[in-house]
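Me: I would like to go through this structure with you, starting with its aromatic residues. Could you take my questions one at a time?

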Amino acid sequence: MQPEYPAPLFPEKNPFRIADSQSGLVRIEFKVLFGPEVTTLDCAFSDFEHLDSADISVGPNIRSMAYMFANTPSSILP
């Protein structure tokens, strides 16, 4: 049974979701500097079925990454 997780906020504005829906993202490598108002990456990359690699650095303001990779291949998890 799959755990329930919240729907991502504003998925239509998430550039990774847009790219995944068009071509099926396989690899993500980036470093993003978030402003102090960004505190969560909840569900940011959930349901990316084809993702097999993610090298992501997050800043000190991120307090939650719940379900960040829900329903993605388990091989990318630390």
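**Aromatic pairs and backbone**

Reply: To begin, this is a predicted model, and the structure holds two aromatic pairs.

Me: How are the rings of Phe45 and Phe48 arranged?

Reply: They form an edge-to-face pair, because the planes of Phe45 and Phe48 stand at 85° and the ring centres are 5.9 Å apart. An angle over 60 degrees counts as edge-to-face.

Me: Are Phe45 and Phe48 buried or exposed?

Reply: Phe45 and Phe48 are both buried.

Me: And what about the pair of Phe45 and Phe69, stacked or edge-to-face?

Reply: Phe45 and Phe69 are stacked, with 15° between the planes and 5.6 Å from centre to centre.

Me: Which parts of the chain does that pair tie together?

Reply: Phe45 lies in the loop between E1 and E2, while Phe69 is in the segment after E2, so the pair links parts 24 residues apart in sequence. Both Phe45 and Phe69 are buried.

Me: Which residues form the aromatic cluster, then?

Reply: One cluster is formed by Phe45, Phe48 and Phe69.

Me: Changing topic: what is the secondary structure of the protein?

Reply: It comes to one helix and two strands. Read from the N terminus, the order of the elements is α-β-β.

Me: How much of the protein counts as buried?

Reply: The protein has 78 residues, and 26% of them count as buried.

Me: What is its accessible surface?

Reply: The accessible surface of the protein is about 5600 Å², and carbon and sulfur atoms account for 56% of that area.

Me: What share of the contacts joins residues at least 24 apart?

Reply: That share is 62%, taken among contacts between residues at least 6 apart in sequence.

Me: Now the backbone. What is the phi of Asp47?

Reply: Asp47 is not a glycine, yet its phi is positive, at about 70°. For context, a negative phi is what most residues other than glycine have.

Me: Where is Asp47 found?

Reply: Asp47 is in the loop between strand E1 (27-31) and strand E2 (53-57). With a relative accessible area of 36%, Asp47 is partly exposed.

Me: What is the phi of Asn71?

Reply: Asn71, also a residue other than glycine, has a positive phi near 60°.

Me: Where does Asn71 sit, and how accessible is Asn71?

Reply: Asn71 is found in the segment after E2. Its relative accessibility is 34%, so Asn71 counts as partly exposed.

Note on methods
Residues are numbered from 1 along each chain as its sequence is written. This is a predicted model: local features need pLDDT of at least 70, side-chain atom pairs count only at pLDDT 80 or more; totals for chains, interfaces and linings use all residues. Side-chain values use heavy atoms; hydrogens and water are left out. Helices (H or I, at least four residues) and strands (E, at least two) are DSSP runs, numbered from the N terminus. Buried means under 20% relative accessible area, exposed over 50%, partly exposed in between (1.4 Å probe, protein chains only). Contact means heavy atoms within 4.5 Å. Accessible areas come from the Shrake-Rupley method with a 1.4 Å probe; for residues, only the protein chains shown count as cover. Rings of Phe, Tyr and Trp (its six-membered ring) pair if their centres lie within 6.5 Å; planes under 30 degrees apart count as stacked, over 60 as edge-to-face and the rest as tilted.
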